[in-house]
Structures are given as structure tokens and as C-alpha cells.
Amino acid sequence: MRLDLYSPQNYSAGAPFLKQLFWFFVGDKFVQTHWLPWAPLKVFILKLFGAQIGKNVNIKPGVKVKFPWRLFIGDYAWIGENVWIDNLANVTIESHVCISQGAFLCTGNHNWSKASFDLVLGEIRLQEGSWIGAKAIVCPHVTVGRGAILTVGSVATKSLESMTIYSGNPALLVKKRLIQ
């Protein structure tokens with residue numbers, strides 16, 4: 001690759017420069033901090049910067065959100081400690097989704113087949129009732145189906161079917177999920 005040829009092309013962060021600055025130097029610090037563990041305050045700050053968030057969302061300390069204006073969260077979602085939502089593109093977290101500690105949602109990558117290392121973006125959607133295990137990674141262009149589970153430390157490079165359990169790197173179907 002030739003990094004001197006890299007250009008973000010027409011990429012836009014999706015917010016005015018001053019809003020981005022204020023987020024990075026003020027808002028982001030309040031959401032990430034362990035000193036203010038109160039989830040409603042974190043939700044309020046994210047909404048202030050454009051996130052769309054439903055009711056009774058629990059955001060634990062240490063959560064990092066790249067661009068709150070590209071974040072959509074339904075009702076009763078849980079986001080665990082030290083989750084990183086690197087949302088260069090939209091991330092949708094539907095209702096009753098659990099994202100466990102240290103998980104990474106990554107919407108950006110690079111085209112390794114081009115010398116210019118072009119930026120490649122893809123939205124992520126976590127459908128209702130899905131669960132992302134601790135230290136798991138969800139890659140660009142992935143939809144985690146309704147009720148699906150991505151187990152601890154696994155990497156979802158492709159979409160996961162509803163009501164299934166996936167494990168490994170890359171994540172492979174282990175079995176159907178049954179709820180009693």
C-alpha cells in the first residue's frame with residue numbers, strides 16, 4: 001500500500017466542525033468517564049449531540065462513541081463497560097440488545113487491494129434481543145439478526161441469522177438459540 005496516496009475521498013463526519021470539536025473535547029469525556037457512572041446523564045449527553053436513544057437504556061462507564069449523531073438505540077438496551085462504537089457510518093442498536101464489556105463495533109475499514117488504501121464504510125445493525133459477548137467484534141456491513149448471540153471474543157465479519165449462536169474468528173454458526 002501507498003499511504004501517501006490515501007485520501008478520505010468525499011467522507012464527511014456528518015456534523016459541523018465546531019460540534020465535532022465540542023464532542024471530542026467535552027461530551028466524549030463525560031460519556032467515557034468512570035467518575036460519573038450514572039447512565040441517564042450519559043444518555044442525556046449523547047442525545048444532546050444528536051444520538052437517538054429510547055427509554056431505559058443503560059450505558060456503563062468507559063463507553064466510547066465516535067460520532068453520537070450516527071447512533072440509534074432502542075429501548076432497554078445495555079451497553080457494557082469499555083464498549084467502543086467506532087461509528088464512521090450509522091450504528092443501529094434495537095431494543096433489548098445487550099453489548100457486553102469491551103466489545104467493538106467497527107463501521108470502517110480500508111480497501112487492502114488498492115495502493116491508495118481507500119476508506120470503506122458499512123453500517124451495523126443489532127436487531128432486537130441480540131447479544132454481543134464480551135470482547136467480541138462486529139465488522140462493517142454486518143446485521144446481527146433478532147435474538148442472535150455473538151459469543152465472547154468472536155468476530156462477526158458477515159451477518160448473523162436470527163435466533164442463532166455464533167462463535168470464533170471468523171464467527172461460525174454453532175447452533176440455534178432456544179428461549180424458554
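In the predicted model, helix α2, which spans residues 39–48, has A39, K42, V43, I45 and L46 as its buried residues. Viewed down the axis of α2, these buried residues fall within an arc of 165 degrees, and they therefore line one face of the helix. The buried residues of α2 pack against helix α1 (17–32) and against the strands β1, β2 (58–59) and β3 (64–65), whereas the face of α2 turned away from the buried side carries F44 and L48, which are exposed. The helix is followed by G50, for which phi is positive, near 105 degrees.

Strand β1, one of the elements against which α2 packs, also belongs to an open sheet of 5 strands, arranged in the order β1-β4-β7-β12-β15 with parallel pairing. Because β1 (52–53) and β15 (143–144) stand at the edges and each has a single partner strand, one side of each is left without a neighbour in the sheet. Strand β15 runs parallel to β12 (residues 124–126), to which it is joined by 2 bridges, and R125 stands opposite T143 in β15.

The structure holds 0 disulfides. The sulfur of C98 lies 19 Å from the closest cysteine sulfur, that of C139, and this distance is too far for a bond. C139 is likewise in no disulfide, the nearest cysteine sulfur, in C106, being 6.5 Å away. With a relative accessible area of 17%, C139 is buried, because the cut-off for a buried residue is under 20%.

Note on methods. Residues numbered from 1 in each chain as written. Predicted model: local features only at pLDDT ≥ 70, side-chain atom pairs only at ≥ 80, totals over all residues. Heavy atoms only, no water. Pairing = 2+ DSSP bridges. Helix = DSSP H or I, 4+ residues; strand = E, 2+ residues; numbered from the N terminus. Disulfide = S-S within 2.5 Å. Buried < 20%, exposed > 50% of the residue type's maximum accessible area, 1.4 Å probe, protein only. Arc of directions from axis to C-beta. Contact = heavy atoms within 4.5 Å.
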